[in-house]
Amino acid sequence: MKAIFGSLVIGLLLALPLSAHAGNVTVKGSDTMVILGQRWAEEFMKKTPATKVQVTGGGSGVGLAALQNGTTEIAMSSREIKDAEKQKLRARYNTIGVEIPVAKDGVTFYVNEANPVTALTVEQLKGVYVGDITNWKQLGGPDAPIIIYSRENSSGTYVFVKDHVLDGDDYAASAQTLPGTAAVVNAVAKEKNSIGYGGSAYAKGIKELKIKKGNEDIAPTAENIKTGKYPLSRDLYFYLRNKPSGDAKTFIDFALSPEGQAVVTKVGYFPVK
Amino acid sequence: MTPNTRRAVGLALTSLTGLAAFIIIAMLGIILFNVVENGAGGVTWTFLSKPPEDGMMGGGIFPAIFGTAALTLLMTVAVMPVGVLTAVYLHEYAPPNSLSARFVRVAVVNLAGVPSIVFGLFGLGFFILFVGQGMDRALGHEEMYWAQPGILWASLTLAVLTLPVVIVSTEEALRAVPMDHRTASLALGATQSQTLGRVVLPGALPGILTGAVLAISRGAGEVAPILFTGAAYFLPDLPTHLNSQFMHLGYHTYVMATQSPDVEATRPLLYSTVLVLLLLTFALNLVAVIIRTRTRRKAAGSH
Amino acid sequence: MDRQAIMEQGLTQPLVAPLLSPAARRRQLREKVIAGFITLMAFTGIAALILIIIFVAKEALALFTEPEARHEASLSKMFLAQDVAPGRPPFRWQPVSKVPKVSMIPLFVGTLKTTAVSMLVAVPLGVFGALFAAEFAPRRLRELLKPVIELLAGIPSVVLGFFALMVMSTVVKEALGFDRPLNAMLAGLGLALAIVPVIFTVSEDALTSVPRSYREASLALGATPWETAWKVVLPAAAPGILAACVLGFGRAIGETMIVLMASGNADVISWSLGDSARSLSATIAAEMGEVVVGSPHYSLLFFIGVQLFIFTFVLNLIASTWTRRVVRKLTGGAS
């Protein structure tokens with residue numbers, strides 16, 4: 001017995017060397033931004049192997065909470081910091097934090113590729129998502145029930161759509177909530193009468209709806225999102241406690257450099273610069 | 001009933017039960033076939049030895065394998081002493097019909113039935129927010145050090161979850177050690193603890209190992225308890241400290257199935273990950289089954 | 001004093017305490033310490049159970065003590081119909097909202113729906129499979145069946161969830177003509193995969209613990225094997241089989257990953273199996289990651305945990321009482 005436990009403990013000590021890395025940047029937060037952060041980290045570490053960048057998801061709230069309790073240097077967030085969160089930062093670190101927009105994202109609505117509907121107004125989208133419009137016929141499509149996909153209420157995208165499309169109203173009870181944007185995309189790609197939403201980075205194998213405004217149909221293109229013409233776009237942020245310095249600064253500088261912004265485009269978001 | 005209808009009803013019922021058994025076997029077969037068919041091609045050395053790349057759409061799962069191994073190792077170190085000693089108490093030390101032994105048994109049975117997600121809440125509420133915060137305060141950490149999700153808290157949470165598994169198998173193993181061995185040892189003047197350490201526990205060792213293996217297999221596959229106690233979405237580094245977060249095969253499966261940027265592109269990786277996870281748990285289960293049948297045969301032979 | 005009295009006294013109490021050497025006394029002390037330590041360790045199980053309920057309940061307590069939480073999530077808001085707006089359903093689970101709606105009713109309905117499906121599938125499969133293994137199967141086949149069940153039990157639930165999501169969803173939707181690929185039926189079938197082994201194993205234990213003499217007596221009276229199985233063995237093992245079903249039920253209520261991945265998680269109240277379902281456990285798993293620690297929403301999720309704990313605790317107590325009854329009945333009846 002003793003021998004077994006002994007070897008277990010030795011194995012454990014070998015497995016978990018208690019050495020700390022020099023030059024560590026921790027980045028935590030929004031699941032929407034994890035792929036982006038991860039790609040940045042990969043590219044950045046190729047150039048400066050001495051610095052380790054750790055990227056973890058969990059959600060915007062998780063990242064901002066970690067910023068407040070000191071477990072991360074950079075918080076990724078797909079929404080602006082809330083007053084309550086600023087107050088906690090002030091109470092603990094006597095700062096209201098530093099906000100750096102690092103990319104832009106258009107929240108797009110997805111439909112199946114076989115769906116003839118190509119553009120909807122924001123009001124129509126609201127009607128669908130609160131449950132007042134239940135058939136594609138009401139939107140000029142085929143006579144079929146609308147299957148609504150939504151995100152979990154823990155996601156930043158959920159809150160964004162609720163605030164900017166539903167005017168704060170509740171989602172319809174029949175809206176299925178899926179745990180990730182990819183799950184939404186996958187479901188919409190499979191199901192021909194469905195509608196879903198999410199970041200445009202994920203839009204593969206489905207059709208992105210244009211937003212109808214007046215006589216114009218506005219597509220979620222890089223140009224329209226950059227100029228703010230596409231009405232449903234948002235900034236993606238890095239939050240820090242203080243002005244960036246040291247390794248964190250080098251990493252952020254890289255993210256905002258032309259090379260870093262090229263990564264943004266590659267991942268499917270839109271550059272801020 | 002005429003003999004003929006009796007026979008017909010009998011046959012129908014027997015085949016109905018046979019059908020049920022067949023469906024159970026078929027279900028397992030279909031799952032295994034599907035996973036092996038789609039996943040086997042992707043399990044290469046590169047896949048096993050590299051971290052994920054290209055936003056989870058490429059590379060391998062090494063950090064997840066390592067994280068799972070480190071997690072279950074810590075869990076085993078935590079659960080085995082407690083589980084084995086509890087079983088020793090129940091079978092060797094507790095007076096017959098003792099009320100406290102009965103309470104322990106009831107508690108163990110109920111512990112086994114607590115939903116795994118509740119263990120996750122417990123890990124968060126007790127280990128992270130209570131013990132972790134207490135330790136930070138006691139050790140004078142300015143920033144949160146222990147009061148955050150990490151591999152230690154996740155493994156302790158899993159240790160509580162697997163405690164009943166270890167207790168039940170150890171008790172079975174103790175029962176298989178013949179009474180004569182104990183009385184012989186005691187008659188030779190050995191004390192109770194000497195008898196325990198030199199006769200009973202060595203005799204029960206295979207059964208105790210079975211318990212450990214079963215606990216590891218259970219612990220390696222559980223995802224719900226580690227959701228809020230330490231599993232991470234993506235980490236390029238392996239866990240280095242007891243408070244580091246870690247990647248985990250089961251959680252990785254969940255993340256890739258629901259949150260990958262391109263489901264079609266990740267499908268082969270996903271299947272391969274599931275295959276590795278299944279192989280791991282099945283291999284552990286198989287080891288447990290083999291050890292157990294051997295001990296049972298030996299125990300049966302010695303009587 | 002006559003001899004008998006001396007003997008009696010000698011039996012109850014030694015006349016003179018045995019003289020122990022210091023070494024022996026040390027040894028005795030050591031034994032006591034070891035026994036004490038082992039006893040102490042044995043109470044970890046009890047302590048764990050008590051700590052679980054205390055600490056899960058502690059985080060939920062704010063719902064009843066803090067005015068803000070009491071206003072946002074009172075018991076009446078959790079369990080009674082709410083008049084939100086004309087034409088909108090009275091029971092909603094929308095905790096992230098300007099006016100949070102925190103009705104537990106959709107979650108209860110969702111949990112019951114998925115659990116019911118899984119029980120309807122898993123009980124016949126598990127009990128009949130166990131009956132086959134215990135009564136009819138040739139030895140070879142029985143020895144194949146047991147490892148198969150153990151392997152099935154060893155599949156992590158996240159893998160079953162993955163299988164339901166990636167493979168079964170299309171099959172179930174096509175076969176039953178549902179509108180949605182993710183629905184209560186699919187989650188229930190996924191759950192069935194998880195609880196069949198539980199029901200099988202406990203039922204089989206109950207069936208094999210029925211004494212041989214019962215079967216021999218029945219066969220000697222001219223009953224056929226199936227009549228023996230159906231009318232003698234099954235009734236004798238009935239409490240154990242009921243216990244198996246109750247345990248399976250408890251497992252299905254608490255199972256998280258399968259439902260989270262396969263049910264669609266809409267907070268809709270509908271008894272149609274083609275509609276989505278949102279279960280108690282999946283709600284905790286989906287929302288805990290992002291919730292602000294200490295907020296009413298956070299306490300609510302812990303409150304759901306308390307409810308899950310209580311449900312499964314009661315079910316377990318029922319199951320263990322019944323199992324004990326079958327053991328007592330059979331051993332009492334046999335000897």
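**Close-up views of a predicted model**

**View 1. Helices α6(B) and α8(B) are roughly antiparallel to each other, because angles over 145 degrees count as such.** In this predicted model, helix α6 of chain B spans residues 151-176 and helix α8 of chain B spans residues 192-221. The two pack at an angle of about 150 degrees, and their axes lie 8 Å apart. The crossing of α6(B) and α8(B) is right-handed.

**View 2. Residues of α6(B) meet residues of α8(B).** On the α6(B) side, the contact includes L158(B), T162(B), V165(B), V166(B) and S169(B), as well as T170(B), E172(B), A173(B), L174(B) and A176(B). Among their counterparts in α8(B) are V200(B), A204(B), P206(B), G207(B), I208(B), L214(B) and R218(B). By class, the residues of this contact comprise 13 nonpolar, seven polar and two charged.

**View 3. Three strands of chain A form an open sheet in the order β5-β10-β11.** The pairing within the sheet is mixed. Strands β5 (119-120) and β11 (216-218) of chain A are the edge strands, each pairing on one side only.

**View 4. Strands β10(A) and β11(A) run antiparallel and are joined by three bridges.** Strand β10 of chain A covers residues 210-213. I211(A) stands opposite I218(A), which belongs to β11(A).

**View 5. Chain C is in contact with chain A.** The contact involves 26 residues of chain C and 23 residues of chain A. The side of chain C that touches chain A consists of twelve nonpolar, six polar and eight charged residues.

Technical notes
Residues are numbered from 1 along each chain as its sequence is written. Chains are lettered from A and ligands numbered from 1 in the order in which they are written. This is a predicted model: local features need pLDDT of at least 70, side-chain atom pairs count only at pLDDT 80 or more; totals for chains, interfaces and linings use all residues. Two residues are in contact if their C-beta atoms, placed from the backbone, lie within 7 Å. Ala, Val, Leu, Ile, Met, Phe, Trp, Tyr, Cys and Pro count as nonpolar, Asp, Glu, Lys and Arg as charged, and the others, Gly among them, as polar. Axes are lines fitted to C-alpha atoms, for helices over the stretch in contact, and angles run from 0 to 180 degrees between N-to-C directions. Helices (H or I, at least four residues) and strands (E, at least two) are DSSP runs, numbered from the N terminus. Angles under 35 degrees count as roughly parallel, over 145 as roughly antiparallel, 65 to 115 as roughly perpendicular and the rest as oblique. A crossing is left-handed if the near helix is turned anticlockwise from the far one by less than a right angle, and right-handed if clockwise. Two strands pair if DSSP finds at least two bridges between them.
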